[in-house]
Amino acid sequence: MNQYETVFILNPVLSDEQVREAADKYLDILKKNGAEIINHENWGLKKFAYPIEKKKSGFYHLVEFTAPGAAIAPLEVEMKRDERIMRFLTVKMDKYGVEYADKRRKKQKSNA
């Protein structure tokens, strides 16, 4: 199994409940396709460097997970169909990326 990281941006007009519901939907899709969620972070409402779909901000979410390669396609198909998702990116992490992500999580836990 490989380790992946997906960042997706949700439409800023959504309510907190709708944002939570959308994030839960994608976590469920990953779990149904054999993924193990390592970390999920809600980065909140952030301003864009440039407008996307005539909007200047969006709700950012980061999901780190291990999964078989076949689990990525169903996730991305659902994200492409969902009007709430403005942008998304899934990256397969190499060993340096995995080490960096581990260090970042440990640092966040020690600061919390």
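Helices (H or I, at least four residues) and strands (E, at least two) are DSSP runs, numbered from the N terminus. The structure is a predicted model, in which local features need pLDDT of at least 70, side-chain atom pairs count only at pLDDT 80 or more, and totals for chains, interfaces and linings use all residues. Residues are numbered from 1 along each chain as its sequence is written, and side-chain values use heavy atoms, with hydrogens and water left out.

**Exercise 1.** Determine which helices and strands the protein has, and in what pattern they follow the sequence.

*Solution.* Begin with the inventory, which comes to three helices and four strands. Then read along the sequence, where these elements follow the pattern β-α-β-β-α-β-α.

**Exercise 2.** Find which residues of the largest nonpolar core touch the most other members, and which elements supply the core.

*Solution.* Next, among the 21 residues of the largest core, F8, L10, F65 and L75 touch the most other members. At least two residues each come from β1 (2–10), α1 (16–32), β3 (55–67) and α2 (72–81), and α1 gives the largest share, seven residues.

**Exercise 3.** List which residues L75 touches, leaving out those up to four places away in sequence.

*Solution.* Taking contact as heavy atoms within 4.5 Å, L75 touches T6, Y26, I29, L30, F65 and T90.

Notes. A nonpolar core is a set of buried Ala, Val, Leu, Ile, Met, Phe, Trp, Tyr and Cys residues joined through side-chain atoms within 4.5 Å. Buried means under 20% relative accessible area, exposed over 50%, partly exposed in between (1.4 Å probe, protein chains only).
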